[in-house]
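Please look over the sequence and the structure before going on.

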Amino acid sequence: MDTSTLTPPSARTVVALRVPGIDGDVSLSLKRDATTLAVHTVPSFTFDLAGRLVGGFDAGRTYRRTLDHRVIEKRGKYAEGRRERERRPLDRAEVRALCDTAYGYASAVADGLAAGTAEVVSATTPDGAWRPWAEVALDRIARWDDARLGQDAAAFLRVYQPIGILPPDQYRALVLQATLGCSYNRCTFCTFYRGQDFRIKLLPDFAAHITAVKAFHGPALASYHSIFLGEANALVAPQRLLVPMLDAVNAALAVAPPDLAGAARVRWLAEHAPAFDGIYAFVSALDALRKSPQDIAALRARGLRRVYIGLESGDEGLLRFLAKPNTAEQAVEAVQSIKAGGVAVGVVIMLGVGGERYAADHVRHTVEVLNQMGLGRDDILYFSEFVETPGSPYVEQAVEAGIAPMPVPQMRAQRAAIQGALRFPAAPPKLAVYDIREFAY
C-alpha cells in the first residue's frame, strides 16, 4: 500500500500507544508532510514521508539532520542574562547513535502494531482511519538506518551542487537549481559561493535536474511546501531562458495558481498533493532592474510568488565597504519594479555590519530607504545579526580599518532603532529574524 492511494484522516492525527519494550507512552503524530514519534513527550524524532530522519529533540537539545547526512545539535544557554543558542555538529559516532535510537523506537512501534501487542490508549481519529496511514509510514521508516542514510547522502550529492543559503521562510522548500553559484560573488562578507563557478543551466539540463530531484525525494516531495529556484541569484537568467524553466517546473510539479487565495488556495493544495504554494528565488537589485514589471508579471503567472533582495544597508558608504554592486536607490527601484509586477519581496538588513564606524549612518539611511520601498502585507523584512566569517575579505578589511565586531546587545538596539522609525503606507510587512547559522538543508 502507498500513501498516494490514501487520504490522511486529518491534517494531523495523534495516536497514543503503549508498546512492549518502551518505557512510557508513545505518541505517534501522523501528518500530511511528516511523521513524528515521541516517547513520553521526549525524546521525539521526525521523519519525512520517505522515512528519512529529519530531526529530533531530547534533553533540551534540538537535532537537525541534513540531506548530506550531517547532524547539527542546538541547545539554549544563558549569556549576559539572555538566552542564546549554541550550535555544534555531531561527530560520526554521535550521528550513528542518534539514528540507532530513532530507528530503534520506530521499529519497536511498527513491530508492536503488526503483532497486535501495542495497546492503543487514545487516537484523535477512529482506528480504521489512522492505521493504514501509520502502517505505510512506519514501513517506509523501517527501510532506513545510519548506513542507508549515508548512501542516500551520496545520491543527494549527485543530484545537487552545494546549497549555500535560503531565506528562513524557505528552509523547507524544495530546491531546484536553475543556476549554480553566484553571478557576482564579490561581496566582502559572503563566502557561501566561494570557489564555485557560476552557471545558468540550459533547459534540457534543468529539466533533467527536476526529474532527478523528484526521483531522489520520492514520497518526501509532500514534505516540502514551496519551491526555491536556486542558487544565489537565479533571476539573473535572461527571460528567454527563465520562462521555459518555470514552464518546466509547472509541467513536472503542481504549483498553486497565483490568484487563488484563502480557503480556495488551501483546498487546491490539498486536492493536488504533493503540491507547492509557489516559486521563490533570490535576486540582486541590479538584475531585478533588468526585468520590466511585465517580465515579472510573466513569471508571476508561472508561480513566482516572492523574491529576496539583500539590501544589507541603505548607507552608500557602507555598501561600498561591503563591495555591493548596487546603490541604495537602485535597490528601491528594484523592489518597486518587482512589486509592480505583482510579486512580493523579502528584504534583508544586516545588523552590526560595519561596526560603530558606520552605525549611525547605517540606521538613518536604512530607515530612509525602507520607507521608500512601499513594503506591505505580503512582504517580509528580515533583520540579520552580522556574523563574521573567518577568512572572508570583510574580516581583513575591518581589521585594517580598525572596525571591531559589534556586540549582540548593540545589534539588537540597532534593530529597535530601525524598526521604530519605519512607516508603512498600509498593512506592514512581516518582520522577522534571519540567523544564517540556523540553515541546514
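Predicted model: local features only at pLDDT ≥ 70, side-chain atom pairs only at ≥ 80, totals over all residues.

**Reading helices and single residues**

Q: Which residues of H4 are buried?

A: Buried means under 20% relative accessible area, exposed over 50%, and partly exposed in between (1.4 Å probe, protein chains only). In H4 the buried residues are Phe-206, His-209, Ile-210, Val-213, Phe-216 and His-217. They lie on the same side of H4, because they cover an arc of only 130° around the axis; the arc is that of the directions from the helix axis to the C-beta atoms. An α-helix has 3.6 residues a turn, so residues three or four places apart point the same way. On the face of H4 turned away from the buried side are the exposed residues Pro-204, Thr-211 and Ala-215.

Q: What do the buried residues of H4 pack against?

A: Contact means heavy atoms within 4.5 Å. The buried residues of H4 pack against helix H3 (146-159), strand E10 (174-177), strand E13 (227-230) and helix H5 (239-252).

Q: Which residues are buried in H13?

A: Met-411, Gln-414 and Ile-418 are buried in H13. These buried residues fall within an arc of 55° seen down the axis, so they line one face of H13. Their packing partners are strand E18 (344-351), helix H11 (355-372) and strand E19 (380-385).

Q: Where does Lys-201 lie, and which side chain of opposite charge is nearest to Lys-201?

A: Lys and Arg count as positive and Asp and Glu as negative; His and the chain ends are not counted. A salt bridge is a side-chain nitrogen of Lys or Arg within 4 Å of a carboxyl oxygen of Asp or Glu. Lys-201 lies in the loop between strand E12 (199-200) and H4. Lys-201 is buried yet has no salt bridge, and the nearest side chain of opposite charge, Asp-205, is 7.6 Å away. A polar atom of the Lys-201 side chain lies 2.9 Å from the backbone oxygen of Gln-177.

Q: With which side chain does the side chain of Glu-86 make a polar contact?

A: A polar contact is a pair of N or O atoms within 3.5 Å; within protein, one must be able to donate a hydrogen and the other to accept it, and residues adjacent in sequence count only if both atoms are side-chain atoms. The side chain of Glu-86 makes such a contact with that of Arg-75 (2.8 Å). Glu-86 is found in strand E8 (residues 82-89) and is partly exposed, at 29% relative accessibility.

Q: Is Arg-52 buried or exposed?

A: Arg-52 is buried, with a relative accessible area of 3%. Arg-52 is found in the loop between strand E4 (44-47) and strand E5 (53-58). Not counting residues up to four places away in sequence, Arg-52 touches several residues, including Trp-144, Asp-152, Phe-216 and His-217.

Technical notes. Residues numbered from 1 in each chain as written. Heavy atoms only, no water. Helix = DSSP H or I, 4+ residues; strand = E, 2+ residues; numbered from the N terminus.
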